[in-house]
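Here's a quick briefing to read with the model open beside you. Take it one topic at a time and find each spot as you go.

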Amino acid sequence: MSFVLRGLRWSTNKRMLSVLIYVICCIHSGRSQTCTDGFTYDRRARQCIDIDECRTLSDPCRGDMQCVNQNGGYLCIPRGFYSQSYARNSPRFYPEPSYPAESYPDRSLGYSEPFIPNVPPVGAGTGPGPGPSYPIVSRSTPCVLGYSLGADGTCVDVDECETQSHQCNPTQVCINTAGGYTCSCTEGYWLVGGQCQDIDECRYGYCQQLCANLPGSYSCSCSPGFLNADSRTCQDVDECATNPCSHGCLNTYGSFMCTCDEGFELASDGTTCNDLDECSFSDFLCQHTCVNTPGSFSCVCPPGYYVYEDGRSCEDLNECESGNNTCTTAQVCFNFQGGYTCLDPLICYPPYIELSDNQCMCSAENPACRERPFTILYRHMDLSSGRSVPADIFQMQATTRYPGAFYIFQIKSGNEGREFYMRQTSNISATLVLARPIKGPKTIILDLEMVTVNNVINFRGSSIIRLTIFVSEHPF
């Protein structure tokens, strides 16, 4: 009995051991099936299927990148890279895989044939719009995305640009890459919202001065006075090198300026110079006459004068000192403003007799001299025409004083126009005053009388100064 029980116990243990071995084999068989990265094992289908990382991963692409699922992986691309949008959350509906009801062969030892993932066909799903812009590898293609099986059995790159299998919009340019392609823009354009738009180079200061934007390009130009040295910068033009000015030229940045010599002014055309008429600036530039010359002026004096060292004043030319006169040896040369005169030798007419070279005397003993001036003294002076008035021009004074005598001064003759008068300054002197302007040339002879009165001895006598005044022609 005990043997039977032992037999039963052994039999029971044997069965349990078989079940345990079977379970271990089943577990080992399940764990021995492995998939490459990007795939997971589907126990129902008993094969590796692609993992949609765009759905299973949390934020697989950063920033403004968009996730696009691929067999065995995924891509992060700019959202506006293709003409159509690839929203991560856009619905994509694929048909549920159907599996045959018949039993599958035992593949507990793994697959011997190459793994082909189950990928939905192009255009699968109920969503609107075309399929993805990348090639879809069929289940029978052994090459990765973007490659095709060549005649020699190797995988060669698919030129999507040449085969026109790309989805770049008409404004873009397709550029083939290894395993794919890129949609880009030609030079002068950039990608904005999936469209190639012209770059306004003028907005970014591509030109130094003037800029004109063109489709896909730009054109630089320069302001007047500058030369377009290259396609962007401008160089100042030295206009003075072409001698545009009649006198002097000063080059400036982008232009030039003409200058004139002293005595000239710039004309309205900005290049020629006109002579300045300095004589029109003032009536007092020259003492007598101003003569304009190109770029300057000169002062001219009338005959009998010369231009002084300052170049403007006129000085009397003393012909008597210079010898430039026509007087004889018997005559006396008398110079006055602007000229000269030759004085003849003094002649004293009877009853006067010559007392000196310039004085005649009438003797008191001579009865003919009783009513005549005792002496006549001859004097000469010059006077400028237009001299300001009143002006003291001559002074006379008694040379001999008698006790109890007083003197009276007066103009005896020659003052018909009343241009002069006598002003007594003391008991023995008086001054001849010019009261009105006189214009020359003119010669005036005045007899200035000094009357001597002495009541003590009851004496009355007179003396004459015969003053000859030569009035010049010009007012200096």
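V192 sits in strand β9, residues 189–192 (strands are DSSP E runs of at least two residues, numbered from the N terminus). V192 counts as partly exposed because its relative accessibility is 35% (buried is under 20% relative accessible area, exposed over 50%, partly exposed in between, with a 1.4 Å probe and protein chains only). Keep in mind that this is a predicted model: local features need pLDDT of at least 70, side-chain atom pairs count only at pLDDT 80 or more, and totals for chains, interfaces and linings use all residues. Residues are numbered from 1 along each chain as its sequence is written, and side-chain values use heavy atoms, leaving out hydrogens and water.

**The surface patch**
- V192 teams up with W190, Y204 and Y206 in a nonpolar patch on the surface, with about 360 Å² of accessible area together.
- Patch members have over 30% relative accessible area and no salt bridge, and nonpolar side chains are joined within 5 Å.

**The EGF-like stretches**
- An unreviewed UniProt entry lists residues 157–197, 198–235, 236–274 and 275–315 as "domain: EGF-like".
- Residues 198–235 are 0% helix and 42% strand, with the end C-alpha atoms 29 Å apart.
- For residues 236–274 you get 0% helix and 41% strand, and the end C-alpha atoms are 29 Å apart.

**The nonpolar cores**
- The largest nonpolar core has 25 residues, and I393, F394, M396, F420, L432, L448 and I469 have the most contacts inside it.
- A core is a set of buried Ala, Val, Leu, Ile, Met, Phe, Trp, Tyr and Cys residues joined through side-chain atoms within 4.5 Å.
- Leaving aside neighbours within four places in sequence, L432 is in contact (heavy atoms within 4.5 Å) with residues including I393, F420, L448 and L467.

- P350 and P351 are joined by a cis peptide bond, with omega about 10°, and P351 is in the loop between β24 (339–343) and β25 (353–356).
- Q164 isn't a glycine, yet has a positive phi of about 60°.
- R418 isn't a glycine either, and has a positive phi of about 55°; R418 lies in the loop between β29 and β30.
- R418 counts as exposed because its relative accessibility is 62%.

Key. Patch = residues over 30% accessible without salt bridge, like charges linked within 9 Å, V, L, I, M, F, W, Y side chains within 5 Å. Areas by Shrake-Rupley, 256 points an atom, 1.4 Å probe, with all protein chains shown as cover. Salt bridge = Lys/Arg side-chain N within 4 Å of Asp/Glu carboxyl O. Helix = DSSP H or I, 4+ residues; strand = E, 2+ residues; numbered from the N terminus. UniProt positions renumbered as here; feature names shortened; annotations may be inferred.
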